[in-house]
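Please examine the sequence and the model shown here. The account that follows leads through the architecture of the chains.

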Amino acid sequence: MNRLAAIELIAKSAGDSLLVCNLGYPSRELYSVMDRKENFYMLGSMGLASSIGLGLALAKPDRKVIALDGDGSIIMNLGSLSTIASRAPDNYLLIILDNGVYGSTGDQPSATSGETNLGRVAEAAGIVNVREVTTARDLRECMRTMRSGVLVAKVKISNAKVPIIDLEPKEILDRFMKAARASPSA
Amino acid sequence: MSGTIEVFEGLKSCGIDFIASVPCINLSELILLVQRDPEIKHVPVTREEEGIGVCAGAYMGGMRPALLMQNSGLGNSINALASLNQLYGIPLLMIISHRGMEDEQIEAQVPMGRLTGPLLRTMKISIYTLDKGGHGKDVVIDAWDEAVKTLKPVAVLVKPSFWGQR
């Protein structure tokens, strides 16, 4: 499964979930494949997708929150997994798209292409519900059944040919916060 | 009234309802008060930069966030303050225990102690200082007021003499 397909599948099955997306190509791919007002596109602060998602999930317990992180980013902020485990909000799903490389900067290998297994790291941090998937079918199944926990999706190395995001940072934030204020449709 | 209670009353007056914290000995009483307050969601974090992300998410969800930290953690927070808070316009109240000045006994605190003011000024982050005799509640209220009006992070630097301990 390539990352663009995984991102498209996640976005299309997200309903009105609030979606925090990691910087670089993942945000560009999400913007290009399914822009929605419930998407927050990170443009900087690499490593903080899972933390932003946690704060949001704690602030909005009546909404499902999904953070789309990457392997290179989560290993910059592994303490975040411990914090998520200690709070364990039941409305927060952290998805790590793991391609084993720093894909936005020239495919330098990350630690997950070596010995580090992110699913086991998440379990050791104390996350109760951890799944790892490699196929679109299993990813679709997890999107249907997982409301919280950590989902590691193994994806192929590929950056789609997508343009940069033509929204101002303030525009991204204002639109997202307005969507977050609205009551959930479910 | 102790410095801790003044700062805590300032936080409550501003309606701060979400706090991330990284411990410092001079913040220990304040962290206890925050932890016990049923109106405040308190998230102990592993690192200051992580706390900035958690607070930004809470703000996006409609809460009023503050971060309790020691100045030694400012160094690992700079990218997040610049490319998250300042880039998007996300307010944050940082209550920073300022070690490394005023007869500091631990030499390792001194380098970041001296760099804290210059780093914040370089980043154009407003600094509110609480020293011996300072009005903790008023200063916290002023700082938060600026953060929400300007949609920026602001720093309250609290000197050891304010807490009445070193």
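The following paragraphs treat the conventions, then chain B, and then chain A.

The model is predicted: local features need pLDDT of at least 70 and side-chain atom pairs count only at pLDDT 80 or more, whereas totals for chains, interfaces and linings use all residues. Residues are numbered from 1 along each chain as its sequence is written, while chains are lettered from A and ligands numbered from 1 in the order in which they are written.

Chain B contains 7 helices and 6 strands; these elements are DSSP runs numbered from the N terminus, helices being H or I of at least four residues and strands E of at least two. Read from the N terminus, the order in chain B is α-β-α-β-α-β-α-β-α-β-α-β-α. For 166 residues, a compact globule would have a radius of gyration near 15 Å, and the 14 Å of chain B agrees with this; the radius is taken over C-alpha atoms, and the globule rule is 2.2 Å times the number of residues to the power 0.38. Along the principal axes, the C-alpha atoms of chain B fill a box of roughly 40 × 35 × 25 Å. Buried residues make up 51% of the 166 in chain B, where buried requires 20 or more other C-beta atoms within 10 Å of the residue's own, with C-beta atoms placed from the backbone.

In chain B, 6 strands form an open sheet with parallel pairing, in the order β2-β1-β3-β4-β6-β5; two strands pair if DSSP finds at least two bridges between them. Strands β2 (41-44) and β5 (127-130) of chain B stand at the edges with a single partner strand each, so one side of each has no neighbour in the sheet. Neighbouring strands of this sheet are turned by 20° against each other on average, direction ignored; axes are lines fitted to C-alpha atoms, for helices over the stretch in contact, and angles run from 0 to 180 degrees between N-to-C directions.

Strand β1 (residues 18-21) of chain B pairs with β2(B) in the parallel sense over 4 bridges, and B:S21 stands opposite B:P44 in β2(B). Across β4 (92-97), β5 and β6 (153-158) of chain B lies helix α6 (residues 136-150) of chain B, running at about 160° to β6(B). A contact means that two C-beta atoms, placed from the backbone, lie within 7 Å.

Chain A also has an open sheet of 6 strands with parallel pairing, ordered β2-β1-β3-β4-β8-β7. Its edge strands are β2 (39-41) and β7 (130-133) of chain A, each pairing on one side only.

Conventions
Buried ≥ 20, exposed ≤ 12 C-beta atoms within 10 Å, placed from the backbone.
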